[in-house]
Amino acid sequence: MRKKQFKAESKKLLDMMINSIYTHKEIFLRELISNASDAIDKLYFKSLTDDSVKTKKDEFKIRIDADKDNRTLTITDNGIGMTQEELEQNLGTIAKSGSLNFKKDNEGNEKLDDVEVIGQFGVGFYSSFMVADKVVVESKAFGSDTAYRWESEGADGYTISECDKADTGTVITLHLKEDTENDRYSDYLEEYRISELVKKYSDYIRYPIISQASHQAPDPEKEGEYITEIADETLNSMIPLWRKSKSEIKPEDYNEFYKQKFYDYTDPQLVIHTKTEGQATFDALMFIPENPPMDFYSKDYEKGLQLYSNGVMIMDKCPDLLPDYFSFVKGLVDSADLSLNISREMLQHDHQLKIIAKAIDKKIKSELTKMLKNDREKYEKFFSTFGVQLKWGVYADYGMNKDGLKDLIMFKSSNGGYTTLKEYVERMAESQDKIYYACGESEDKIALLPQCDAVKEKGYEILYFTDDVDEFAVQMLMNYDEKEFANICKDDLDLSTEAEKETINKKNEESKELLDKMKEILGDEVTAVKFSNKLGHHAVCLTAEGYVSMEMAKVLSQMPNGGNGIKAQLVLEINCDHQIADKLAQADEDTLAKYTKILYAQARLIAGLSIDNPTELSDSICDLMV
Ligand code: ADP
């Protein structure tokens, strides 16, 4: 028999194909199963109009058989089969897709809606050469009496000859390559591996994918003993949950699906199932996990949704479908509209994908808004787990997404519990024109800040910022409902009446000499020492001048570049109505130095800052005590 040659370009193409288009060898099985499913779809399509097709819908199936002794893997379908010409055309010409032609030929036929032909590039079949050094295709076309065998050992060429085959359909036999150190091709003969691959890539193929599986069963002859039974098993679940109508799906179905597919032990806290038609047509099924995924805070964590095209998985984590602030969302998108590239592994970064991503972003936001409105407790629980992500979302990308997120973020406040910015503004006192906040390690610690007293006395609520990102996020927002944000630990916090202001200014002028001396004692540590009337019964506090607050400076200093040495400009404020003010005025030089340093150290501790020399502080206090 004369061996036919692939055309020269084909040879090169085949080589390229085998070695570079696919990054995962395991996808060969997906490609062959998709082809088998296409072939069945074509025969089924024919059966809708042609009575001579005798196969009933429920008889269509795909079989996978492993033969360990001969190292062969066989994929069998009872689809439409191929004639001699078709074998030559479809398998002898690389990048020729009979399936694409089929779709083109039947364009406009409404019955085409009933089938879901997947193939379009005409290269998938050749991926079998990634794992096999010889591929044999035996096929009998529908309506034909003769069957043909196509055989090839790769780039060298192929032969076609007649063969015996009783039924219509195609049998593809892969002679697996020898194992190497890196590739254990013989794994593809193992039951667990076959079933894993079918589950992973082809779970929603609409025809049963059947393989032999061994089970332990009680021995009928010997009680208490077991025997291994071998039986056929359907590996795929066939109907994608997300394609079912919502009314058919029970909450448990969603939960089970989520846990199985995304390897979680806990039910998700929110399920979002949406069917969208219009600019882009797609089904999406998304979940917000109860807890952050194990590796969520590590740099290995990859965000993304699984992407399906017509029920076949083409990408495990498509990052472009989720914004960073929703990186905790798990799930999948199924769309027939995507323009896939040749390997189906990468998507062309097309317009369609952007439209889907935008719709998904909008959908998640609207579901969260709904939850916030209808189930406050549930939302607070969600927010305590993933809220920080949303706040980073406000801050990130120069605030590009802040408008869409500002009503989803919450803060703890002096009012007790969480509040949204909208709720805060609605509660604002008539005389209040700013949104007040204070930063600290915990709510309890913030509540103890001396600066809080005067603000609370006015009847103003204070937001408690305990996350690093909080202050950065509101700086990015700049204002909410035209109300500016004000840090109560900034020196320009202005709650005094004109009369009070006048008094304190006068006091500061009169005490200029004393205050200058104290500033000199503290050197560069502070930019000024001032008397203040906003401290209630507390003696001292620190405030920051200018744009950088103490908390921001702290966060920046923890960054890898140390925040480029950005520091807060500190002001030591002393309560002018406190007895300590008189003590300072009466102190001699030595005592004043001691007092000043002690007051400064105390103010730092109150602000949650560390002190450089605790020993000196302790010594000074002890000196005063004895
Ligand atoms: P694609 O599936 O993208 O069209 P392939 O290289 O996988 O490309 O297949 C080329 C063509 O070979 C298919 O379009 C189809 O016409 C034909 N073919 C492949 N496998 C089968 C099969 N099991 N039964 C019938 N025809 C098949």
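Met478 sits in the loop that runs between α13 (468-477) and β18 (479-480). In this predicted model, the phi angle of Met478 is near 65°. That value is positive, and Met478 is not a glycine. Most residues other than glycine have a negative phi. Met478 counts as exposed, because its relative accessibility is 55% and the cut-off for exposed is over 50%.

Arg71 is another residue other than glycine with a positive phi, here near 55°. Its place is the loop between β1 (62-67) and β2 (72-77). Arg71 counts as buried, because its relative accessibility is 19% and buried means under 20%.

Salt bridges were searched across the whole structure, and 39 were found. One of them pairs Arg206 with Asp41. The closest N and O atoms of Arg206 and Asp41 are 3.2 Å apart. Arg206 is partly exposed, at 32% relative accessible area. Asp41 is buried, at 1% relative accessibility.

A salt bridge also joins the side chains of Lys199 and Asp203, with an N to O distance of 3.0 Å. Lys199 is partly exposed, with a relative accessible area of 37%. Asp203 is buried, with a value of 7%.

Within helix α7 (residues 351-374), Glu367 and Lys363 are 4 residues apart, so about one helical turn separates them. Their side chains meet in a salt bridge of 3.2 Å, N to O. Lys363 is partly exposed, with 23% relative accessible area. Glu367 counts as buried, at 13% relative accessibility. Elsewhere, Glu26, Arg193, Glu196 and Lys200 form one network, joined by salt bridges that share partners.

Arg604 presents another case. This residue lies in helix α18 (residues 589-606). Arg604 is buried but has no salt bridge. The nearest side chain of opposite charge is that of Glu525, 4.0 Å away. Glu525 is also among the residues that Arg604 touches. Leu542, Leu570, Leu609, Ser610 and Ile611 are the others, when residues up to four places away in sequence are not counted.

On the surface, Asp133, Glu153, Asp156 and Glu178 gather in a patch of negative charge. Residues of such a patch have over 30% relative accessible area and no salt bridge. Asp156 is found in the loop between β4 (147-152) and β5 (158-163). With 48% relative accessibility, Asp156 counts as partly exposed.

Glu256 is a further acidic residue, counted as negative. Helix α6 (residues 251-261) contains Glu256. Glu256 is partly exposed, with a relative accessible area of 47%. Pro268 is 12 residues from Glu256 along the chain. The C-alpha atoms of Glu256 and Pro268 are separated by 9.7 Å.

Terms used
Residues numbered from 1 in each chain as written. Predicted model: local features only at pLDDT ≥ 70, side-chain atom pairs only at ≥ 80, totals over all residues. Heavy atoms only, no water. Patch = residues over 30% accessible without salt bridge, like charges linked within 9 Å, V, L, I, M, F, W, Y side chains within 5 Å. Areas by Shrake-Rupley, 256 points an atom, 1.4 Å probe, with all protein chains shown as cover. Charge placed at Lys NZ, Arg CZ, Asp CG, Glu CD. Helix = DSSP H or I, 4+ residues; strand = E, 2+ residues; numbered from the N terminus. Buried < 20%, exposed > 50% of the residue type's maximum accessible area, 1.4 Å probe, protein only. Contact = heavy atoms within 4.5 Å.
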